[in-house]
Amino acid sequence: MDKMIERQKQEELYTVIKTVDDPELPSVSVVDLGMVREVNVHENHVSVSMVPTFAGCPALDFIELKVKKAVEDVDWVDECTVHFSFQHQWSTDSITEEGKYQLKKHGVAPPPENYIPGEEWTVDCPFCGSSYTSMENVFGPTACRSILYCTACSNPFEAMKPVIKYSINH
Amino acid sequence: MNVIETTKQAKQDSSYLKALTELLYQLADDDFIISYRGSEWLGLAPHIEEDVAYSSITQNTMGHAFLYYQLLEELGEGAADVLAHDRPPYERRNAAYFEKKNGDGSYKEEPYYDWALTVVRQFIYETFKQVKLKAITSSSFKPLAATAEKVLTEQTYHLAHWKLWIEQLQDSTKEAKTRIQTRVEEAWQECEDVLSLGAEAENMEQFGLISGESFLKKQWLQEVAKAIKPLPESMLDKQSGSGRLGEHTRDLNQALETLSEVYESDKSAVW
C-alpha cells in the first residue's frame with residue numbers, strides 16, 4: 001500500500017515538474033528534454049536529481065530554481081532540493097517523442113539519431129521536413145544548439161547538438 | 001589505488017586533499033583565464049559566424065571552470081565566486097602562456113589582437129585539455145572523473161573547431177603559414193609550463209588522480225603533430241616562468257584587474 005502511495009506521489013510530482021520549461025526553449029519541458037533523472041520522496045521532503053544537457057550552460061541555476069519552486073507549491077511538500085549530477089550522462093536518446101515534437105514546433109530540430117562521433121552531421125528541416133539542409137555553424141546561440149539552413153524552404157533553423165559519448169577506460 | 005567517492009571522504013586524508021586541490025586549481029584557472037582571453041575577442045573575431053562560435057566556446061569553457069571551482073568550494077577552499085575573482089596572481093595556477101595578452105592595444109582602445117596567436121594557442125590548449133581530461137576519466141576521485149566525462153562530450157566540439165582553423169591557415173597563403181609558424185615557435189618556448197603538473201605532480205600520479213607528466217606530454221605531442229606540420233625542432237621551454245608554481249607575468253594582473261572590476265566595486269552584492 002505504501003509503495004502505491006509513493007508511486008502516486010511521484011507521478012504527481014512528475015506532472016508538476018513537466019510544467020517547467022527550459023528557459024531558452026519555451027514550451028519544451030525539462031522532463032521531455034530528458035533532464036530529470038530521479039524524483040525521491042521522503043515524507044514531506046522531495047529530492048530531484050537532474051542531468052544537464054551541457055555542463056557549461058548558464059541556464060542551470062534558473063532551471064534548478066524553477067523546479068524547486070514548482071515542487072514546493074504542491075500542498076503536501078515542505079521542502080524540495082534539486083541536484084545536478086554528472087554521475088549519469090545526458091544523451092540524445094533521453095528526449096521524449098513529445099519533446100521532439102515541441103522542439104520542432106519551436107523551430108529547433110532534435111539531435112540526429114545514429115550519430116557517429118567525429119563525423120559531420122545534418123538533420124531534417126523542422127519546418128518542412130526536407131533533408132536538403134546544410135550546416136551553417138556548429139555553434140549557435142546556446143551551447144547545446146547549432147545553426148543550419150534549409151535549401152528547400154529557404155529557412156535558417158537550429159538543431160540540438162548530438163552529444164559525443166566517451167567510453168574509454170570502462 | 002583507493003577510490004574516493006565523495007568530497008567528504010577526500011577531506012579525511014590531508015596529503016590526498018593537497019594533491020587533489022592543486023590539480024583542481026590548475027584545471028579551473030586554465031579554463032578561467034583562457035575563457036577570459038576568449039571573451040576579449042567578442043565582437044572582434046574575423047567574421048560574424050566566428051564571433052558566434054568563439055563566444056559559445058568561451059561561455060562553455062567558463063562553465064567548465066565553474067565546475068572545478070565548485071568542487072574546490074565543496075572541499076572547503078571558499079566560495080566559487082571568490083576563488084575566481086579574488087585570488088592574487090601568486091595563488092593562480094594557470095600556465096603563464098594562457099594569460100598572455102591577445103596582442104597589442106586593449107579591448108576598449110585599438111585592439112590590435114592577433115588571430116594567429118589565438119588560433120595556435122586555442123588549438124594547443126584544447127589538445128592539451130583533451131589529453132588531460134581523458135586521463136582524468138579514470139581518476140581515483142570519482143566526482144572529478146564524472147565531471148571529466150561530461151566535459152569531454154562538449155569539449156570535442158571546441159577542439160574540432162580550432163583544429164579546422166589551424167589546418168586551413170597552414171594550407172592557405174604564405175603570410176598565413178608564416179604567421180602560424182611564428183606563433184607555434186613562440187608557443188614552444190612556453191609549453192613546458194603548460195605540460196607541468198606543478199609541485200604536487202608526483203603525488204597526483206601516486207594517488208591515481210591523473211597520469212604522470214611524461215605520459216601526458218607524449219600523448220599531447222602525438223596529437224599536435226597531427227595538425228601542426230612541421231613541429232618546431234627546439235626543445236619545449238617555459239620562458240614566461242612556472243605558472244603552475246604561481247609565477248606569472250604582468251599580463252595576468254591586467255586580466256585580473258579587468259575581470260574583477262565589477263566584483264571589486266561591491267563584493268557583497270548578490271547576483
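## Close-up views of a predicted two-chain model

**Figure 1. Strand 6 meets strand 9 in chain A.** Strand 6 of chain A and strand 9 of chain A run parallel to each other, paired over 2 bridges. Within this pairing, A:Ala109 faces A:Ala159 of strand 9 of chain A. Please keep in mind, here and in every view below, that this is a predicted model. The pair belongs to an open sheet of 4 strands in chain A, in the order 6-9-8-7 and with mixed pairing. Strand 6 (108–109) and strand 7 of chain A are the edge strands of this sheet, each pairing on one side only.

**Figure 2. The antiparallel part of the sheet in chain A.** Strand 9 (residues 155–160) of chain A and strand 8 of chain A are antiparallel and share 6 bridges. One position to look for is A:Leu148, whose bridge partner in strand 9 of chain A is A:Phe157. Strand 8 (residues 145–150) of chain A is also joined to strand 7 (residues 133–137) of chain A, by 4 bridges and again in the antiparallel sense. Here A:Asn137 stands across from A:Ile147 of strand 8 of chain A.

Figure 3. Strand 8 and strand 9 of chain A make a hairpin, with 4 residues between them. A:Ser154 sits in the loop between these two strands of chain A. Its phi is positive, about 55°, although A:Ser154 is not a glycine. Most residues other than glycine have a negative phi.

Figure 4. Strand 1 (residues 21–22) and strand 2 (residues 25–29) of chain A pair in the antiparallel sense, over 2 bridges. The two strands form a hairpin with 2 residues between them. A:Asp21 is found opposite A:Ser29 of strand 2 of chain A. An unreviewed UniProt entry annotates residues 11–82 of chain A as "domain: MIP18 family-like". That span is 28% helix and 33% strand, and its end C-alpha atoms lie 17 Å apart.

**Figure 5. Two domains and the build of chain A.** The domain assignment divides chain A into domain 1 (2–84) and domain 2 (108–170). Taken over C-alpha atoms, the centres of the two domains are 27 Å apart. How many residues does each domain bring to the contact? Domain 1 of chain A gives 6 residues and domain 2 of chain A gives 4 residues. On the side of domain 1 of chain A that touches domain 2, there are 3 nonpolar, 2 polar and 1 charged residues. Stepping back to the whole chain, chain A holds 3 helices and 9 strands, following the pattern α-β-β-β-β-α-β-α-β-β-β-β along the sequence. Its C-alpha atoms fill a box of roughly 55 × 40 × 30 Å along the principal axes. Of the 170 residues of chain A, 37% count as buried.

**Figure 6. Where chain A touches chain B.** This contact draws 19 residues from chain A and 26 residues from chain B. The side of chain A that touches chain B is made up of 12 nonpolar, 6 polar and 1 charged residues. For the model, the scores are ipTM 0.82 and pTM 0.91.

**Figure 7. Two backbone details in chain B.** The peptide bond from B:Lys229 to B:Pro230 is cis, with omega near -5°. Most peptide bonds are trans. B:Pro230 belongs to the loop between helix 11 (213–225) and helix 12 (250–259) of chain B. The second detail is B:Glu110, in the loop between strand 1 (103–104) and strand 2 (112–113) of chain B. B:Glu110 has a positive phi of about 45° and is not a glycine. With 9 C-beta neighbours inside 10 Å, B:Glu110 counts as exposed. Chain B has a mean pLDDT of 96, with 99% of its residues at 70 or more.

Key:
Residues are numbered from 1 along each chain as its sequence is written. Chains are lettered from A and ligands numbered from 1 in the order in which they are written. This is a predicted model: local features need pLDDT of at least 70, side-chain atom pairs count only at pLDDT 80 or more; totals for chains, interfaces and linings use all residues. Two strands pair if DSSP finds at least two bridges between them. Domain bounds come from an automatic or database domain assignment. Two residues are in contact if their C-beta atoms, placed from the backbone, lie within 7 Å. Ala, Val, Leu, Ile, Met, Phe, Trp, Tyr, Cys and Pro count as nonpolar, Asp, Glu, Lys and Arg as charged, and the others, Gly among them, as polar. A residue is buried if 20 or more other C-beta atoms lie within 10 Å of its own, exposed if 12 or fewer, and partly exposed in between; C-beta atoms are placed from the backbone. pLDDT is the predictor's confidence in each residue, from 0 to 100. UniProt positions are given in the numbering used here, feature names are shortened, and annotations may be inferred rather than shown by experiment.
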